[in-house]
Amino acid sequence: MNFYYNRETLHFTANWDVALTDRYQYLMAGAALAAGHDLLIPAQDLQRLYSPEMKIQLSGEKAVFVMNDRTVQVESGSDRMFLNGNPVRLSAECRMENGLLYVPVGQLMSLGFEKTVRSTGELTPSYISPEAKGIYNPGGILSDEEMIVAVGEHDGCSIDGALLRYIDLIRRGKRYGEQYRTYWMDGPQKVIPYITYIPTSYQPGEPAKMVVFLHGGSYDLGEKYAFRFAGHKLQMACEKYHYILLCANACTLLSSYGNMPPHIQACGTEEEKQYYQWGDDSVMQAIAEVKKEYAIDEKHIYLMGNSMGAGGTFYLPTVHPGMFRALAPGAGSLKVMCPEHLEALDGMPIIYPAGTEDDFGFDHILESRDMLTAAGAEVEMAVVGGGHHLDAWVDVIDDIFRFFEKHA
């Protein structure tokens with residue numbers, strides 16, 4: 001299974017129930033607890049953060065973790081784990097807290113699964129960067145009450161001043177700007193990230209307009225796609241026009257947000273169809289998560305995206321009718337859209353960003369425009385002279401938001 005998001009480093013902080021999977025916040029079932037040079041965290045959260053690669057059998061006070069042909073067994077009250085049946089001594093006992101089995105994350109992952117682990121409890125003052133020293137503790141080394149454990153896929157996992165400032169910022173309650181969050185998807189058994197931008201005009205309890213951005217197919221960007229190509233122009237537009245921005249993640253690689261190729265629709269297996277469907281489900285779950293945290297004006301949700309994200313922008317309103325007020329599909333093509341889906345866009349306001357130098361051909365854009373018009377959509381072109389496939393939309397961001405405002 002190929003996903004758009006694959007974690008590189010996890011950070012756990014003593015007495016905090018939030019784990020950072022790279023920059024993204026994951027809410028654990030309980031706070032991490034300091035134990036020697038390590039932290040104890042709920043076993044169920046450790047498994048979810050490494051799922052679907054890691055499996056777990058959790059039974060009361062015992063847990064069995066399985067990943068990469070390695071099996072680790074642990075039990076509450078014991079300072080030993082069994083790695084493929086062989087006993088290995090741990091520096092701290094597993095224990096039960098509030099009905100949850102807690103396990104020493106650093107040692108379990110380093111000794112059990114050969115991950116790179118760093119802990120502020122064992123680092124020398126010279127290891128922590130000079131700017132990191134003194135942020136929590138003038139002596140340079142964090143106390144056990146503020147200990148951080150990093151678990152990474154390679155030797156580059158670190159604890160530095162930028163991380164400490166970021167953790168401090170979150171714990172103080174960052175209200176505006178970029179927010180990096182996650183949710184758990186039952187289908188793929190995966191933690192999925194998303195990014196929101198909260199404009200400084202937002203007032204809790206007062207419904208705000210929202211624009212949802214769907215990323216392109218680039219395998220290494222996912223929900224970060226918009227910021228990579230647009231810099232901070234999207235955020236500035238959200239400030240200017242008072243929109244909450246949601247950058248969603250398509251979950252599975254080239255899922256097309258659920259818009260299955262005709263051959264998959266016709267004769268694909270259930271597993272193949274599910275692979276695409278998770279792209280749709282992921283966006284819907286991200287929208288639901290934002291609604292839990294912020295007041296959203298459900299009559300003013302707009303949808304935009306580029307390349308594969310444009311395909312999703314065409315497709316999602318046809319299977320979720322009435323959810324989106326207007327669309328902005330950048331560099332999108334309708335060649336894989338089923339006729340019955342196209343008919344569902346009748347009356348939909350669409351601004352169509354496209355560059356004359358689109359790598360796949362501007363003629364495809366014009367063909368799609370004509371198909372939309374024939375289907376009854378209200379289409380306005382936003383042509384970027386000299387613009388290319390990946391970033392022509394960036395030059396007309398303000399035009400897009402003004403179009404949304406016109407259809408508010």
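This is a predicted model: local features need pLDDT of at least 70, side-chain atom pairs count only at pLDDT 80 or more; totals for chains, interfaces and linings use all residues.

Reply: Glutamate 367 lies in helix 10 (residues 362–375), while lysine 335 lies in the loop between strand 20 and helix 9, so the pair ties together parts that are 32 residues apart in sequence. Glutamate 367 has a relative accessible area of 36% and is partly exposed, whereas lysine 335, at 55%, counts as exposed.

The structure has 18 salt bridges in total, and another of them joins lysine 209 to glutamate 405, with the closest N and O atoms 2.7 Å apart. Because lysine 209 belongs to strand 17 (residues 208–214) and glutamate 405 to helix 11, this pair ties together parts that are 196 residues apart in sequence. Lysine 209 counts as buried, because its relative accessibility of 18% falls under the 20% cut-off, and glutamate 405 is partly exposed at 31%.

Helix 11 (residues 397–406) also packs against helix 5 (residues 233–241) at an angle of about 30°, their axes being 10 Å apart. The two helices pass each other in a right-handed crossing, and the residues that make the contact include Leu234 and Tyr241 of helix 5 together with Phe401 and Glu405 of helix 11. Sorted by class, this contact has six nonpolar and five charged residues, with no polar ones.

Conventions. Residues are numbered from 1 along each chain as its sequence is written. Side-chain values use heavy atoms; hydrogens and water are left out. Axes are lines fitted to C-alpha atoms, for helices over the stretch in contact, and angles run from 0 to 180 degrees between N-to-C directions. Helices (H or I, at least four residues) and strands (E, at least two) are DSSP runs, numbered from the N terminus. A crossing is left-handed if the near helix is turned anticlockwise from the far one by less than a right angle, and right-handed if clockwise. Contact means heavy atoms within 4.5 Å. Ala, Val, Leu, Ile, Met, Phe, Trp, Tyr, Cys and Pro count as nonpolar, Asp, Glu, Lys and Arg as charged, and the others, Gly among them, as polar. A salt bridge is a side-chain nitrogen of Lys or Arg within 4 Å of a carboxyl oxygen of Asp or Glu. Buried means under 20% relative accessible area, exposed over 50%, partly exposed in between (1.4 Å probe, protein chains only).
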